[in-house]
Amino acid sequence: MEFESANPSVVKSIKQRVLLNAWLRAPRKPKLMPVLADFRPDGVADELADMMGFDVVGHDDGARFLITHEGTRLTATYGNDDVDPAKRTNRYLDDAIGPERYANVICLYRACLKHRRPAYSISTVQDADGKDVSYERLLMPFGRGDAVEQIVGTYKSISIEGGFKVNNLMGLRPKAVPVILVRAIIDRDFLPAAASRRPSDDVVELS
């Protein structure tokens, strides 16, 4: 599936849209990315359980993604509850989720690197009871110049069928292989309309 060019309205989750708007508002030079220190979304503390932080190691298709923060709900989603909490960071994403699952997601991370813009996807997957769940992934790049140095990801699960089982939702059971519905690079209407900016006391700590 090709990546479509999209504006911020492609993002369905309200909380992810808040994070995306903070990325769009962060100070930067024209056509460049913000640095992580300038990313200060409102209420970020409540979202950390659904977020990941990565340092980008290497370049282009050879880049790997070193985990600096792993949200607690994502640990359950990927069935990593048995991993020692002290060992959930400072490991590479491909090692953490395994080659099969990594193959399903790596194109989104590489698209984020290539375009230096937020990358977004929606997949459908089934939980342990067979309920359909939408899994929304938003990756936001940070860095100086034209090199992506960090990626912050936010991941949301929702089902129109009501409550669902999050544990091992993105595991390797055959019925849990995600079906991708949307893949987009958010590069249209890049600068948001002028709006009042309320200072935030929250500072993102993902390292």
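Strand S4 (residues 119-126) and strand S7 (residues 179-186) run antiparallel, joined by six bridges. Two of the pairs can be picked out by name. Tyr120 stands opposite Ala184 in S7. Ser121 has Arg183 of S7 as its bridge partner. Keep in mind that this is a predicted model.

S7 also pairs with S1. Here the strands run parallel, and three bridges join them. Ala6 stands opposite Ile186 in S7.

Now step back to the whole sheet. Which order do the strands take? Seven strands form an open sheet, and they line up as S1-S7-S4-S5-S6-S2-S3. The pairing is mixed. Strand S1 (4-6) and strand S3 (64-70) are the edges. Each has a single partner strand, so one side of each has no neighbour in the sheet. From one strand to the next, the twist averages 30°.

Helices come next. Helix H1 (residues 14-25) packs on the sheet. H1 touches strand S2 (51-57), S4, strand S5 (132-142), strand S6 (150-158) and S7. The direction of H1 makes about 10° with that of S5. Helix H3 (residues 93-115) lies across S2, S3, S4, S5, S6 and S7. H3 runs at about 105° to S3.

H3 has a part in the largest pocket too. That pocket has a volume of about 260 Å³. It is lined by 13 residues, and the closest to its centre are Gly58, His59, Asp60, Leu113 and Val148. Which helix gives the most to the lining of the largest pocket? Helix H3 does, with three residues. Sorted by class, the lining of the largest pocket has six charged, five nonpolar and two polar residues.

How far can the model be trusted? The mean pLDDT of the chain is 80. A value of 70 or more is reached by 72% of the residues.

Definitions and conventions:
Residues are numbered from 1 along each chain as its sequence is written. This is a predicted model: local features need pLDDT of at least 70, side-chain atom pairs count only at pLDDT 80 or more; totals for chains, interfaces and linings use all residues. Side-chain values use heavy atoms; hydrogens and water are left out. On a 1 Å grid over the protein atoms alone, a cavity is a set of points where a 1.4 Å probe fits but cannot get out, and a pocket is an open set with protein on both sides within 12 Å along at least five of seven lines; lining residues have an atom within 4 Å of a point. Grid points are joined across faces, edges and corners, and a volume is the space filled by probe spheres set on the points. Helices (H or I, at least four residues) and strands (E, at least two) are DSSP runs, numbered from the N terminus. Ala, Val, Leu, Ile, Met, Phe, Trp, Tyr, Cys and Pro count as nonpolar, Asp, Glu, Lys and Arg as charged, and the others, Gly among them, as polar. pLDDT is the predictor's confidence in each residue, from 0 to 100. Two strands pair if DSSP finds at least two bridges between them. Axes are lines fitted to C-alpha atoms, for helices over the stretch in contact, and angles run from 0 to 180 degrees between N-to-C directions. Contact means heavy atoms within 4.5 Å.
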